[in-house]
There are 2 protein chains.
Amino acid sequence: MVSKKCKYAIKALIYLAKNQTRDSAIFSSEIAFEEDIPKKFLETILRDLRNSRILQSQRGKTGGYRLLKQPEHIYLSEVMRLMDGPIALLPCVSLNYYAPCEGCNETLCKLKTVFESVRDETLSVLGNTSIKDLI
Amino acid sequence: MVSKKCKYAIKALIYLAKNQTRDSAIFSSEIAFEEDIPKKFLETILRDLRNSRILQSQRGKTGGYRLLKQPEHIYLSEVMRLMDGPIALLPCVSLNYYAPCEGCNETLCKLKTVFESVRDETLSVLGNTSIKDLI
DNA sequence: TTTAATACCTATAAAAAAGGTAGGAATTGT
DNA sequence: ACAATTCCTACCTTTTTTATAGGTATTAAA
């Protein structure tokens, strides 16, 4: 399941994308109020998005957040990986968070090929859907 | 991610399928030992599988477990739903565990259609892979 | 230079879920 | 009667999720 944190991140990104044309940066408090997201929780989410160069931030009295990447280049797969970790359902088939299965012969394990298929099908959707598509 | 509980269930089912031809039922202790699954934990898993008519059990000294459904009719989607709940990544697109999204207009929400696609693609794999396919 | 409003940072905490155990009751073939 | 099993309820521990508290650093404007 997609976590609340991840849903909040997507909502915030959509909000920022819709209000991109504004002159000033957008306060986290505004996003929190408009999208009904706990303020302090949202701050940690926006910081993560800034750290991975999806947003840029400005400090001080007239500070706030802006998109750094354009909405059409922010894919759901990227946001979900950032917030929730792997897309894959097994660590041993994860592209970005690979970890070996304990006590399972990967060359013989037939589960592996099944969950590689699931991963590929899932990524073909999430890797082709951007924030722009959600507006 | 698939939980350990679910992996244990799949392993146990594969073990039972491989040893189907035996005269006697198979002890949970044997499965636990052979597949390296905590014994007491496995008992609760086998009970769930029996309650949903995938296994049948026999009590007493010569008791044990047997498959009730044939391996080719036990699909991963069924086992995963039983162990981990919904396949879908959002409650509002779950076929078997539907729950409305709070504070999200479902008719307008574009996330919904995206995650319906993910669900359908995932089910097309998991709903067509049986325990027999994993042996 | 003060002030006020913001982003930023670290630590903490409450709630839920995952993973597993304990102890014994009920059942059944020998 | 006995031994070995399934079955059942309750509990426990650790990890993850979902936040909150309290303050520091930064910046524009008064």
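Predicted model: local features only at pLDDT ≥ 70, side-chain atom pairs only at ≥ 80, totals over all residues.
Residues are numbered from 1 along each chain as its sequence is written, chains are lettered from A and ligands numbered from 1 in the order in which they are written, and side-chain values use heavy atoms, with hydrogens and water left out.

**The A–B interface.** Four residue pairs, both at pLDDT 80 or more, are in polar contact between chain A and chain B. A polar contact is a pair of N or O atoms within 3.5 Å; within protein, one must be able to donate a hydrogen and the other to accept it, and residues adjacent in sequence count only if both atoms are side-chain atoms. On chain A, the elements giving two or more residues to the side that touches chain B are α1 (4–18), α4 (76–84) and α5 (110–126). Helices (H or I, at least four residues) and strands (E, at least two) are DSSP runs, numbered from the N terminus. α5(A) supplies the largest share, 10 residues. By class, this side of chain A has 18 nonpolar, four polar and seven charged residues. Ala, Val, Leu, Ile, Met, Phe, Trp, Tyr, Cys and Pro count as nonpolar, Asp, Glu, Lys and Arg as charged, and the others, Gly among them, as polar.

The area buried between the two chains is about 2400 Å². Buried area is the accessible area (1.4 Å probe) that two parts lose on being put together, summed over both. Carbon and sulfur atoms give 76% of it. In chain A, A:Met1, A:Leu89 and A:Lys110 lose the most area to chain B, together 23% of what that side buries.

| Residue | Protein atom | Atom of DNA strand D | Distance |
|---|---|---|---|
| A:Lys4 | backbone N or O | phosphate oxygen | 3.3 Å |
| A:Lys40 | polar side-chain atom | base oxygen | 2.2 Å |
| A:Lys61 | backbone N or O | base oxygen | 3.1 Å |

α3(B) gives the most to the surface near DNA strand D, with four residues. That surface divides into five nonpolar, eight polar and 11 charged residues.
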